[in-house]
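Subject: Structure handover

Hello,

Please find the structure below, followed by notes on what was found in it. Keep it open while you read.

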Amino acid sequence: MASVTYDHVVKRYTPETTAVRDFNVEVADKEFMVLVGPSGCGKSTALRMLAGLESISEGQIRIGDRVVNNIAAKDRDIAMVFQSYALYPHMSVFDNMAFPLQMKRMPKADIDTRVRQASGILGLDNFLKRKPRALSGGQRQRVALGRAIVRHPQVFLLDEPLSNLDAKLRAQTRIELQKLHRDLETTFIYVTHDQVEAMTMGDRIAIMYDGVLQQVGTPDDIYDHPANRFVAGFIGSPTMNFVSVTLQNGTAKASGFEVNLPKSVEAQRGILGFRPEALTDRVQDGAAVEMKVDVVERLGSDQFLYGQSGGDAITARVDPRLKVAPGDSVRLGLDTRSLHLFDGETERALI
Amino acid sequence: MSVARPEVAPPVEAAAAGITPRTILEWIGNLPLHVAIIGLTVAWIVPTVGLLVSSFRPLSAFATSGWWTALSPPFNFTLDNYQHILSTSNLGTSFFNSFMISIPATVIPATVAAFAAYAFSWMRFWGRDWIFLALVGLLAVPLQVTFIPILSMFTSLGLNGTFLGIWLAHTGYGLPFAIYLLANFFRALPADLFESAEIDGAGTLTVFFRIVLPLSVPALASLIIFQFLWVWNDLLVALIYLGGTPEVAPLTVTLANLVGSLGQGYQYLTAAAFLSMIVPLVVFFSLQRYFVRGILAGSVKG
């Protein structure tokens, strides 16, 4: 069991191409940390440097108190689950899970105990003699997890382990992974591009974009207080509304509506951000927004309206029982308690 | 792989009707392929059967009619040809010699090539790609240009006319292609497997023996088949490095001498030729499933 520290870590492939810039994160012992960002943002590279599969150009990575920069992957006391699972196709499920232990020259009896223990946890008891190709996607994924579990590592690294599963299985495995994390009481570092996985599974989330760490925080914290426009747009579905506004006397003026800001800001213009659920028929005491509806999406539990207000495209989340048809104009309330304002140039959050 | 996905059941009506316009269209679409395959098969089988039939015919029949006439009555077959060559020429020794040459001349290059190909595909070292390029370039060198320098070297080392000499020669001639073939196959193995093995604590040799080799059985098998058949059928290299010495001559050399010494005795040649063909046929048919089977299924993705 150990913490993980990235201390000013840089990954450079050539002098011009930098995959990860000045990356600083501390992952506490037994924490479930999610690295999330769009593809190519450097999250996998950050994980692979920790795993020992990529060299570290600058900075330090520590597991516990030990600097691991120059320690071989196998001696870092970590286990990794790959997106492709990377199962050895010619070995049975049992041999796949036993392989890392055989490499440690562990006695046969101990290997047997550990593999059976892991297969019990993952419900693989009936499949131990099968080859990976005779398993379903979900079962293969569990074998890959089992191969990590048997090592009793200090840190689990998971690189998009759910992206090859279908939607239903993914939701189910998400819950199983959380249970597993609770039962194993080990540090998990989980890389994904899916913000839903990040929000639902992480104790904390680290959001990356273009090699730069944008924000680290709990899911609630990041959802309610995004540090910049990228984070605000990346987390949450449907995505946050962004509207250009001019500011005057604590009032933000958009092309279609006006709203009083909860806090005064020293700026002439900016980008007003509000989530679809802040624009709703359920709130009547906020600012009024006239919206011309183009598309209506009903999800049973929710109803999303996509349309225009003045010259700006906006999305609203309203009561599903509200009858709205495309082409209608609706009058919605904007909840002023959950407004965000971003600087037009730096895109940093001002409110 | 679609293990998790249930197969789509064919429409019931089509199954009940049997022949539908669609199956006819498919059949017509595949027609050129079928014609080509049948054509190739016939082109290969006819001479083989002709040789086999001829080898059982007496000289009188041989000189007056084609082999296909023997397939209709009156039948006139004999074992004389086989008896004659087995008793007069030293075919037994040659048979043994062919094995003595072919087996090491297959095993040595295949082994060396496997190690080399692994290094070329998965290890980082200085000048790797240039060395590989040079090696591929060697594929284009005609082996005739190497005869004189190698022969003079063999003479000074006393390797002329020995099995060791011809094993080395065949190893040298076989390696470029063998390394090229295996390196391409190894390179196509998923990188995740190697990374996973690295984290699991497997060293380079362990990865080679426990992961790369078992996964490369199809490629190794086809390489071994190619190399074995090439060496077994080789006349030129054997003639150059072994000379005509009967003690070490393989089947091909003995066969070539048979024509010279017997002149008109074609009927004996057919029997000897068929004997020499048996081994390649057995090798090919026993290992042919490796040509078509890949065992990578299931390693990655769902």
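How do H4(B) and H14(B) lie relative to each other: roughly parallel or roughly perpendicular? Before the answer, note that this is a predicted model.

Two helices in chain B

Two packed helices are described by the angle between their axes and the distance between the axes. Helix H4 of chain B covers residues 80-88, and its axis comes within 9 Å of the axis of H14(B), crossing at roughly 80°. An angle of 65 to 115 degrees counts as roughly perpendicular, so H4(B) and H14(B) are roughly perpendicular to each other.

On the H4(B) side, the contact is made by B:Asn81, B:Tyr82, B:His84 and B:Ile85. H14(B) contributes B:Gln267, B:Tyr268, B:Thr270, B:Ala271 and B:Ala272. Sorted by class, this contact has five nonpolar, four polar and no charged residues.

B:Leu275 also belongs to helix H14 of chain B, which runs over residues 266-287. Between B:Leu275 and B:Tyr82 there are 9.1 Å in space, C-alpha to C-alpha, although they are 193 residues apart in sequence. Is B:Leu275 buried or partly exposed? A buried residue needs 20 or more other C-beta atoms within 10 Å; B:Leu275 has 18, so B:Leu275 is partly exposed.

Chain A overall

Chain A has eight helices and 20 strands. Its C-alpha trace spans about 75 × 45 × 30 Å along the principal axes. Of the 351 residues in chain A, 44% are buried. Among contacts in chain A with a separation of 6 or more, 66% join residues 24 or more positions apart.

A sheet in chain A

Five strands of chain A form an open, antiparallel sheet in the order S13-S12-S11-S14-S20. S13 (258-260) and S20 (339-342) stand at the edges; each has a single partner strand, so one side of each is left without a neighbour in the sheet. From one strand to the next, the twist averages 40°. S12(A), residues 251-253, pairs with S13(A) over three bridges in the antiparallel sense. A:Ala252 has A:Val259 in S13(A) as its bridge partner.

In soluble globular proteins, nonpolar side chains tend to be buried together. The largest nonpolar core here has 119 residues, and those touching the most other members are A:Leu35, A:Leu157, A:Ile189 and B:Leu182. Another core, of 18 residues, lies apart from it and includes B:Ile101, B:Phe154, B:Leu168 and B:Val237.

Regards

Key:
Residues numbered from 1 in each chain as written. Chains lettered and ligands numbered in written order. Predicted model: local features only at pLDDT ≥ 70, side-chain atom pairs only at ≥ 80, totals over all residues. Helix = DSSP H or I, 4+ residues; strand = E, 2+ residues; numbered from the N terminus. Buried ≥ 20, exposed ≤ 12 C-beta atoms within 10 Å, placed from the backbone. Core = buried A, V, L, I, M, F, W, Y, C linked by C-beta atoms within 7 Å. Pairing = 2+ DSSP bridges. Axes fitted to C-alpha atoms, helices over the stretch in contact; angles between N-to-C directions. Contact = placed C-beta atoms within 7 Å. Parallel < 35°, antiparallel > 145°, perpendicular 65-115°, else oblique. Nonpolar A, V, L, I, M, F, W, Y, C, P; charged D, E, K, R; others polar.
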